[in-house]
Amino acid sequence: MKSLKIILLFDLSIKIAPEDYSGYWNTPDWKIEKDVKNTLIKLGHEVIPYGIHDDIDPFLKIVKEQKPDLVFNMSEAFLGKRDFEPNLTSLMQLVGVPFTGAGPMSLQLCKDKGLTKVILDYHQVKIPKFVVAKKGRALNSLKNFPFPAFIKPLDLESSEGISQSSFVKNEKEAIARVKFIHSSLGADAIVEEFIDGREVYVSILGNENLKVFPPRELFFKQKAEDEPKFATYKSKWDQAYRKKWGIDTAWANEFPEPMQKKLNDVCKKIYRLLGIQGFGRIDLRIKGDDIYFIEANPNPSIGKKEDYALSANKAGVDYEDLIAKIVSLSLSA
Ligand SMILES: Nc1ncnc2c1ncn2[C@@H]1O[C@H](COP(=O)(O)OP(=O)(O)O)[C@@H](O)[C@H]1O
Ligand SMILES: [Mg+2]
């Protein structure tokens with residue numbers, strides 16, 4: 001591939017001027033950005049890193065002056081707000097610069113754990129039954145809901161707002177948890193049927209021609225058979241807690257061939273229906289032969305040791321190939 005001029009765009013929780021970046025590349029917070037930057041350089045590209053916090057003008061200025069071939073988009077927020085993630089891609093569309101990964105429509109849609117389910121349900125993808133509870137309106141009753149239920153913020157990520165109390169056994173507990181999400185997090189809530197099954201993550205690469213990588217699975221080795229199992233905020237971010245409960249992602253236990261095919265097909269269908277481009281990860285729960293959609297993650301984190309890159313690698317797409325492919329997909333989109 002010919003050498004390209006690439007802006008590596010990421011978000012910053014505080015303002016840092018580009019001339020001061022050198023002090024940050026070796027910090028844990030910038031690890032993935034550094035891996036991507038070094039890989040792009042190794043592939044022969046010219047890389048201009050740019051961290052965005054709250055000011056759009058300098059970014060637009062760099063795009064105008066440098067005329068990059070593309071933006072490698074690692075941004076997930078603007079002004080510290082994840083809600084604005086899609087807007088940055090809208091802006092790139094307006095100024096006519098190609099970018100890696102998903103576009104604004106898909107980023108916006110996938111943030112909504114209710115709307116995605118309405119669309120997928122219409123297309124016969126299995127989803128948990130659910131009720132959306134918007135924050136302006138108290139939820140007063142949940143008649144005929146199939147308990148136990150699982151309650152989470154409608155559009156937050158990384159298990160924010162998910163704890164042991166997200167699992168509720170009856171209407172009373174559900175109403176209290178919804179109230180907590182509304183008042184403490186200021187977020188809308190979704191009440192979902194709790195799917196008691198295996199938790200599987202499927203990584204996909206492509207725009208039209210899709211490559212489905214070997215699935216990863218979340219294991220809970222220290223939990224009793226009959227205990228409800230799910231990923232909380234703590235289980236995602238607290239290493240000691242993960243160790244204590246034996247919570248870890250690893251290669252999914254093998255599925256019989258017809259089931260593996262069904263899993264690949266349903267994940268491709270979801271990816272297409274939600275308009276994901278470039279690369280994405282689908283989170284599912286599997287109960288018996290039923291595959292339930294939980295959520296879709298366009299532009300998933302691509303740390304070398306994380307699920308996406310590990311799955312790609314197992315399928316023979318090493319980290320360098322992966323970054324190269326994400327770049328070329330953005331130019332053919
Ligand atoms: N309907 C559900 N049934 C069972 N577990 C669920 C359900 N929804 C979410 N979970 C659990 O909560 C975790 C986080 O939910 P998810 O929708 O993936 O949000 P996030 O964007 O925070 O990753 C999942 O990984 C899963 O363990
Ligand atoms: Mg998830």
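**Briefing: salt bridges, a helix pair and a sheet**

Asp238 is partly exposed, with a relative accessible area of 27%. Its side chain meets that of Lys234 in a salt bridge, 3.6 Å from N to O, and Lys234 is likewise partly exposed, at 44% relative accessibility. The model described here is predicted, and it holds 20 salt bridges.

**Further salt bridges**

- Glu295 and Lys113 form a salt bridge in which the closest N and O atoms are 3.8 Å apart.
- Glu295 belongs to strand β13 (residues 290-298) and Lys113 to the loop between α4 (104-111) and α5 (115-122), so this pair ties together parts that are 182 residues apart in sequence.
- Glu295 is buried, with a relative accessible area of 12%, and Lys113 is buried at 7%.
- Asp265 and Lys261 meet through their side chains in a salt bridge of 2.6 Å, N to O.
- Both Asp265 and Lys261 lie in helix α9 (residues 257-273), four residues apart, which is about one turn of the helix.

**Helices α2 and α3**

- Helix α2 (residues 56-66) packs with helix α3 (residues 85-95) at an angle of about 35 degrees, and their axes are 12 Å apart.
- The crossing of α2 past α3 is right-handed.
- Ile56, Phe59, Leu60 and Val63 of α2 make the contact with Leu88, Leu91, Met92 and Val95 of α3.
- The residues of this contact comprise eight nonpolar, no polar and no charged.

**The four-stranded sheet**

- Four strands form an open sheet in the order β4-β7-β5-β6, with antiparallel pairing.
- Its edge strands are β4 (130-133) and β6 (167-168).
- Helix α6 (residues 171-185) lies across β4, β5, β6 and β7 (189-193), at about 10 degrees to β5.

Terms used:
Residues are numbered from 1 along each chain as its sequence is written. Chains are lettered from A and ligands numbered from 1 in the order in which they are written. This is a predicted model: local features need pLDDT of at least 70, side-chain atom pairs count only at pLDDT 80 or more; totals for chains, interfaces and linings use all residues. Side-chain values use heavy atoms; hydrogens and water are left out. Axes are lines fitted to C-alpha atoms, for helices over the stretch in contact, and angles run from 0 to 180 degrees between N-to-C directions. Helices (H or I, at least four residues) and strands (E, at least two) are DSSP runs, numbered from the N terminus. A crossing is left-handed if the near helix is turned anticlockwise from the far one by less than a right angle, and right-handed if clockwise. Contact means heavy atoms within 4.5 Å. Ala, Val, Leu, Ile, Met, Phe, Trp, Tyr, Cys and Pro count as nonpolar, Asp, Glu, Lys and Arg as charged, and the others, Gly among them, as polar. Two strands pair if DSSP finds at least two bridges between them. A salt bridge is a side-chain nitrogen of Lys or Arg within 4 Å of a carboxyl oxygen of Asp or Glu. Buried means under 20% relative accessible area, exposed over 50%, partly exposed in between (1.4 Å probe, protein chains only).
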